Amino acid sequence: MITETYGLPVITPGKATPTKAKKTERVASGVATNELIHSAYMCNNDELFPHIVQLYVPQGARVADVTYGTGVFWRNVPRDHCELVPSDVASGTDCRALPYEDSSFDGVVLDPPYMHTPGGTAHQGHQNFEAYYRNNGGEAAGGKKYHEAVLDLYFQAGKEAWRVLKDNGVFIVKCQDEVCANKQRLTHVELINEYASYGFVCEDLFVIVRKGKPGVSRMIKQVHARKNHSYFLVFIKPRPKRQTRKKTPQMV
């Protein structure tokens, strides 16, 4: 007889030990390789984005890039990989109010300006946040300003992405943390938490480190580490779980 003591098998003398059926030998499948897609790179957006597409966007998928701009993300993605529907505010489509039907896309890509423009020469190159979206303290953001206006843009766009995505659709979001009013704002964490309340599941996170050194127009004393990395967040809109009917006494 075999008993257990503290989780270890103990054989009692004088008793026959039952024989175990021989297990079928497992054969490992797959190919040994170190050519893998990793979670962090020092590269440009158009170098990393194709890897994300390779992992999460199936061949023939219908994808809406709602902040397309000049199409930098797609430079190295084969044109026949998916059906790309590009749009942005410059072409008349606001990511917060998409003209698409519900559940009509397999994927949505979002990369809005992710830093507010405090004025002066700081954050040069991000002026289009206010010039395009006009939501820093305006009606579109409900009077929100600065980082809260940035989040409001992401939140509204996330709700629209949820609406137009099919079940199991993928939502790829580019963002960057920032310091606002001398406080660290971890944008990627704030987005993950907010999108989770919509039902999105954060499936993956990629860190991209810029190749050059970021500068600043004027510096008296550095207080926080200068941000030289950003994120690609990958979310999935899960298929709704089937609800099982509870048996009533009449059904038993």
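What you have here is a predicted model, in which local features need pLDDT of at least 70 and side-chain atom pairs count only at pLDDT 80 or more, while totals for chains, interfaces and linings use all residues. Numbering starts from 1 along each chain as its sequence is written, and side-chain values use heavy atoms, with hydrogens and water left out.

Let's start with the overall picture. The protein has four helices and eleven strands; these are DSSP runs numbered from the N terminus, helices being H or I with at least four residues and strands E with at least two. Of its 252 residues, 35% are buried, where buried means under 20% relative accessible area, exposed means over 50%, and partly exposed covers what is in between, with a 1.4 Å probe and protein chains only. Now take the contacts (heavy atoms within 4.5 Å) with a separation of 6 or more: 67% of them join residues 24 or more positions apart.

Next, the inside. Nonpolar side chains tend to be buried together in soluble globular proteins. A nonpolar core here is a set of buried Ala, Val, Leu, Ile, Met, Phe, Trp, Tyr and Cys residues joined through side-chain atoms within 4.5 Å. The largest one has 28 residues, and those with the most contacts inside it are Leu110, Tyr154, Phe171, Val173, Leu191, Tyr195 and Phe200. Strand 6, helix 3, strand 7, helix 4 (187-198) and strand 11 (229-236) each put in at least two residues, with helix 3 giving the largest share, eight residues. Apart from this core lies another, of 20 residues, including Cys43, Phe73, Val77 and Cys82.

Beyond its neighbours within four places in sequence, Tyr195 is in contact with Leu110, Tyr154, Phe155, Gly158, Phe171, Val173, Phe200 and Phe235. Tyr195 also belongs to a cluster in which ring pairs link Trp162, Phe171, Tyr195, Tyr198, Phe200 and Phe235. The structure has 13 aromatic pairs, counted when ring centres of Phe, Tyr and Trp (its six-membered ring) lie within 6.5 Å; planes under 30 degrees apart are stacked, over 60 edge-to-face, and the rest tilted.

A charge sits over a ring if NZ of Lys or CZ of Arg is within 6 Å of the ring centre and within 35 degrees of the ring normal. Lysine 237 lies over the face of tryptophan 162, 4.9 Å from the ring centre. Likewise, the charged end of arginine 62 sits over the ring of phenylalanine 105, at 4.1 Å from its centre.

On to valine 201, which sits in strand 10 (residues 201-209). Val201 counts as partly exposed because its relative accessible area is 38%. Leaving out residues up to four places away in sequence, Val201 touches Val234, Phe235, Ile236 and Pro238. Valine 201 and proline 238 are 37 residues apart in sequence, yet 7.1 Å apart C-alpha to C-alpha.

Now for the charged pairs. Side chains of opposite charge can pair when their charged atoms come close. A salt bridge is a side-chain nitrogen of Lys or Arg within 4 Å of a carboxyl oxygen of Asp or Glu, and the whole structure has nine. One of them joins aspartate 106 and lysine 166, N to O at 3.5 Å. That pair links distant parts of the chain, with aspartate 106 in strand 6 (residues 105-110) and lysine 166 in strand 7 (residues 165-175), 60 residues apart. Asp106 is partly exposed at 25% relative accessibility, and Lys166 is partly exposed at 32%.

Glutamate 160 and arginine 163 form another salt bridge, their closest N and O atoms 2.9 Å apart. Both lie in helix 3 (residues 146-164), three residues apart, about one turn of the helix. Glu160 is buried at 11% relative accessibility, whereas Arg163 is partly exposed at 23%. Salt bridges that share partners join Asp102, Glu160 and Arg163 into one network.

Finally, aspartate 65, found in strand 4 (residues 62-65). What is the nearest side chain of opposite charge to this buried aspartate? It is arginine 75, 11 Å away, and aspartate 65 has no salt bridge; Lys and Arg count as positive and Asp and Glu as negative, with His and the chain ends not counted. Setting aside neighbours within four places in sequence, aspartate 65 is in contact with Trp74, Leu84, Val85, Pro86, Ser87 and Val109.
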